[in-house]
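Here is a short report on one protein model. Keep the sequence and the structure in view while reading.

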Amino acid sequence: ICLHAQEFKIGSKEVQVHGFGTQGFIHTNDNNWLTMNTNGVGSGAFTDVGLNLGMQINSKLRIGGQVYDRKLGKLGDWHPLLDWASLDYRPKPWLGFRGGKVKTVLGLYTDTQDMDFANTFALLPQSVYPIDLRDASIAHLGGDIYGQQKLPHHLGTVVYTAYGGHRSDSMHSGYPYLLGSFGIKLNSLSGPVFGGDFRWKTPVRGLVVGVSRLNEQITGLGTSNVGAGGVAIAVSRYEEHSKHDWTNQYYGQYTANRWHAESEYRRYVRDQIIANGAQESLVDARGWYVSGGYRVCKWFEAGSYYSHYRNANALGVSPNGTVSSDFAARDFDKVLAGKVTVNQYMTIKVEGHFMSGFANQPYPNGYYTTVNPNGFVDNTNALVVRTGFSF
């Protein structure tokens with residue numbers, strides 16, 4: 001708790017060292033959530049840590065990187081990742097270049113979601129920022145062109161980012177874990193990506209609006225076990241690939257004094273050929289949220305959000321054996337939260353989630369049959385407690 005940001009020198013240049021860690025606990029009254037056994041006594045298998053280094057070589061050139069690790073139920077499983085590592089050269093305010101493994105700019109929080117200390121909530125709205133799929137959007141191997149420019153006549157400032165590269169997912173993320181329940185073991189999930197982000201800092205003080213676009217061509221390779229009851233009868237090569245794979249995201253944020261409010265809408269379409277070309281699978285996931293927070297005093301902030309997720313192509317089965325396409329296609333989440341700032345290094349967050357639906361196929365959103373072998377209950381309430389430190 002008392003650890004300050006550290007520095008050391010390489011020649012005459014100072015290297016800054018920062019780090020963070022969080023420990024969470026989740027209890028649900030019904031469905032197990034986020035691959036954890038949260039029903040019953042709850043689960044504390046919710047830990048992540050990160051360490052990053054940065055060096056300002058001169059006024060225009062900076063280099064840095066971050067190592068990240070986590071244990072989120074069955075995900076992560078303490079397999080460390082190079083989260084990002086990039087060289088940033090900015091000769092002009094309106095023109096800069098980043099290269100390496102670069103954080104992907106997508107909406108308000110994709111590239112800053114690790115900054116738990118800066119967020120009001122223990123979990124960002126899962127309709128747009130699903131924590132179990134973090135590895136799928138955090139960074140790309142490639143390059144960015146970015147910058148900002150003030151507009152004439154006091155019309156505000158525009159900020160842009162254009163990027164291209166290659167995405168490669170961890171095999172310890174939510175989608176590979178979901179496929180495992182169907183006897184599919186992925187060895188790789190990767191492909192080219194390109195996109196951009198454009199935001200306008202409006203003349204209205206504290207108001208920012210923007211739009212992001214991401215295009216991908218993702219291929220998954222692995223093996224398929226067609227055995228019943230978990231016993232392998234035959235193992236064959238497995239392959240899936242995108243026909244169309246894109247994300248559109250629109251967002252706005254307003255901050256004023258002690259208040260802040262945000263809203264985002266994301267549509268994710270993934271039309272892909274699976275099972276070695278034998279089937280076509282379409283994901284059409286549409287998520288949006290409205291959130292807000294108020295800093296009551298120096299050490300306490302209250303917040304709330306409504307998160308709305310629907311997958312137009314999901315289909316599932318309720319515990320009574322009947323098809324429940326609506327609940328299987330949606331996850332509507334009402335959240336009340338409180339954040340306590342213990343000191344400049346430590347925060348404690350407590351929030352309640354009141355969820356309707358269990359959207360889980362053909363793309364996961366927190367619910368998995370592997371940890372819910374008896375099926376799903378339509379509604380779930382959850383208590384989330386998360387303590388974080390940073391230096």
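## Terms and ground rules

Buried means under 20% relative accessible area, exposed means over 50%, and partly exposed lies in between (1.4 Å probe, protein chains only). This is a predicted model: local features need pLDDT of at least 70, side-chain atom pairs count only at pLDDT 80 or more, and totals for chains, interfaces and linings use all residues. Residues are numbered from 1 along each chain as its sequence is written, and side-chain values use heavy atoms, with hydrogens and water left out.

## Confidence

pLDDT is the predictor's confidence in each residue, from 0 to 100. Its mean over the chain is 92. A value of 70 or more is reached by 94% of the residues.

Residues 316-323 stay under 50. For this stretch the model has 14 contacts beyond four places in sequence; contact means heavy atoms within 4.5 Å. Where pLDDT is low, the predicted coordinates should not be read in detail.

## Salt bridges

Side chains of opposite charge can pair when their charged atoms come close. The rule here asks for a side-chain nitrogen of Lys or Arg within 4 Å of a carboxyl oxygen of Asp or Glu. The count comes to 21 salt bridges. One of them joins Asp77 and Lys71, at 3.1 Å from N to O. Asp77 is partly exposed, at 34% relative accessibility. Lys71 is also partly exposed, at 23%.

Buried or exposed: which applies to Asp197 and Arg199? Both are buried. Their side chains form a salt bridge of 3.0 Å, N to O. Arg167 and Asp169 form another, at 2.7 Å, N to O. Arg167 and Asp169 are buried too.

## A nonpolar surface patch

Patches are made of residues with over 30% relative accessible area and no salt bridge; like charges are joined within 9 Å, and nonpolar side chains (Val, Leu, Ile, Met, Phe, Trp, Tyr) within 5 Å. Areas come from the Shrake-Rupley method with a 1.4 Å probe, and for residues only the protein chains shown count as cover. Phe198, Trp200, Val211, Tyr250, Tyr265, Trp288 and Val290 make a nonpolar patch of about 600 Å². Strands β9 (184-201) and β14 (279-297) are the elements that give two or more residues to this patch.

Val211 sits in strand β10 (residues 207-216). With 32% relative accessibility, Val211 counts as partly exposed.

## Aromatic pairs

A pair of aromatic rings is described by the distance of the centres and the angle of the planes. Rings of Phe, Tyr and Trp (its six-membered ring) pair if their centres lie within 6.5 Å; planes under 30 degrees apart count as stacked, over 60 as edge-to-face and the rest as tilted. The whole structure holds twelve aromatic pairs. Phe20 and Tyr68 form a tilted pair, because their centres are 6.4 Å apart and their planes meet at 35°. Phe20 is in strand β2 (residues 13-28) and Tyr68 in strand β4 (residues 61-72), 48 residues apart. Phe20 is buried at 10% relative accessible area, and Tyr68 is buried at 4%.

Tyr250 and Tyr265 are stacked, 6.4 Å centre to centre with 25° between the planes. Tyr250 lies in strand β12 (residues 235-256) and Tyr265 in strand β13 (residues 259-274), so the pair ties together parts 15 residues apart in sequence. Tyr250 is partly exposed at 41%, and Tyr265 is partly exposed at 30%. Elsewhere, ring pairs link Tyr175, Tyr268 and Tyr363 into a cluster.

## Contacts of Trp246

Trp246 also belongs to strand β12. Beyond its neighbours within four places in sequence, Trp246 contacts Arg213, Leu214, Asn215, Arg267, Tyr268 and Val269. Trp246 and Leu214 are 32 residues apart in sequence, but 5.5 Å apart in space, C-alpha to C-alpha.

## Positive phi angles

Most residues other than glycine have a negative phi, and most peptide bonds are trans. Thr35 has a positive phi of about 65°. Thr35 lies in the loop between β2 and β3 (43-56) and is buried at 1% relative accessibility.

Trp78 has a positive phi of about 60°. Its place is the loop between β4 and β5 (81-92). At 43% relative accessibility, Trp78 is partly exposed.

How values were computed:
Helices (H or I, at least four residues) and strands (E, at least two) are DSSP runs, numbered from the N terminus.
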